[in-house]
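Here are my notes on the pockets and the ligand in this model. Have the structure open while you read.

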Amino acid sequence: MSVKLPTTTLGEHGPVVGSQGFGCMAMATGYYGETDEAAARATLDRALDLGVTLFDTADVYGGGANEEFIAPFVQANRDRIVIATKFGLVHRDGKTWIDNRPEYIRQSLEGSLRRLGVDTIDLYYMHRRTPDVPMADSVGTMADLVREGKIRYLGLSEVSAAELREAHAIHPITALQTEWSLFSREVEAEIVPAAAEHGIALVPYSPLGRGQLSGATQGVQLQASDVRQHMARFSEENRAANDALIAGISNLASRHDSTPAQVALAWLHHQAAVHSLTIVPIPGTRKPSRVEENVGGATLRLADEDFDALDQLADAVRGDRSRTI
Ligand SMILES: NC(=O)c1ccc[n+]([C@@H]2O[C@H](COP(=O)([O-])OP(=O)(O)OC[C@H]3O[C@@H](n4cnc5c(N)ncnc54)[C@H](OP(=O)(O)O)[C@@H]3O)[C@@H](O)[C@H]2O)c1
């Protein structure tokens, strides 16, 4: 029998959610290879059964296809889940840019509401920030949308500590989403302390290093369309070194009768105590058995010497993280 997730409050005044969320991005977008749609739908249901309630998507994922794919699940479980989506990152005609203009925010929100088939977005993120638009205008528009009842809570993604503070002074920010994992730790220097200071929850994305930390990509030829082929961590020159680190994580995991993915997630949950803030990681998978495994990582307890060993392994990671998707 699987253990249910504990719950937590997202940020000081945010919604109550399962202590681990769920990233939907790879479903029906092709980013991490093709999706078995039936298995992906079963994974969403299994996640909810296990107590996962925060589900994460974005308007840019698959050009809206990701929101459309999860829409039946969202509508069927509207009162049981917290749906998060994002605006601001635009991929079109082979180009990528950031748009934070008030009229664009309103237009994006209407698109997300329509594709998801809901009246309100629970947690609405600015996916990327551009200084071209003053924060008072972009976050000010998001605050107006809260007053209009179209969104409930505000989130930011990939902002600096200074931007987080500036935005929070305009309207309370419930959650900050940024990459954070054993392999991506730069957020710990300034951004995590700023979030902790203001009672803002951290929602680490790619908590499994886009699958690398689970060991599932070790020695595997990625599909031609898989975006990870173009990421430095997965380059031929860096992969061998990073795979050797995964071997160390696997050894540690087997001593705890667990898996590398569970150890990577347990390490992240432990950071909540280290940094005094709420952390709700959002690992993504399209396989029901893997969501069970990942939920197990939320309650796995490691010893101090394990964290020391993991910190040392993490320091040796090769290749920069990707910030484009
Ligand atoms: N704000 C942003 O800019 C941003 C950027 C990237 C991602 N995100 C969000 O964060 C979410 C999660 O990030 P992510 O999907 O990039 O990476 P991730 O959660 O670190 O890893 C996902 C990958 O790991 C595999 N996987 C998951 N659990 C596994 C397990 N137990 N054993 C083996 N393999 C496993 C998945 O494959 P299968 O699907 O085949 O199981 C998938 O390829 C996304 O879905 C998205 O919502 C946000």
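1. Before going on, a word on ground rules. This is a predicted model, where local features need pLDDT of at least 70 and side-chain atom pairs count only at pLDDT 80 or more, while totals for chains, interfaces and linings use all residues. Residues are numbered from 1 along each chain as its sequence is written, and side-chain values use heavy atoms, with hydrogens and water left out.

2. Now look at the polar contacts (pairs of N or O atoms within 3.5 Å). Thr 285 has a side-chain N or O atom 2.6 Å from an oxygen atom of the ligand. The backbone takes part too: a polar backbone atom of Arg 210 is 3.0 Å from a ligand oxygen. Tyr 61 puts a polar side-chain atom 3.5 Å from a ligand nitrogen. On its own the ligand has 900 Å² of accessible area (Shrake-Rupley method, 1.4 Å probe), and the protein covers 97% of that.

3. Where does the ligand sit? The answer is the largest pocket, going by the rule that more than half of its atoms lie within 2 Å of the grid points. A pocket here is an open set of points on a 1 Å grid over the protein atoms alone, where a 1.4 Å probe fits, with protein on both sides within 12 Å along at least five of seven lines; lining residues have an atom within 4 Å of a point.

4. The largest pocket has a volume of about 790 Å³, counted as the space filled by probe spheres set on the points. Its lining has 39 residues, and Tyr 32, Arg 210, Gly 211, Arg 228 and Gly 284 are the closest to its centre. The helix α9 (a DSSP run of H or I, at least four residues) gives the largest share of this lining, three residues.

Note on methods. Helix = DSSP H or I, 4+ residues; strand = E, 2+ residues; numbered from the N terminus. Polar contact = N/O pair within 3.5 Å; in protein donor to acceptor, adjacent residues only side chain to side chain.
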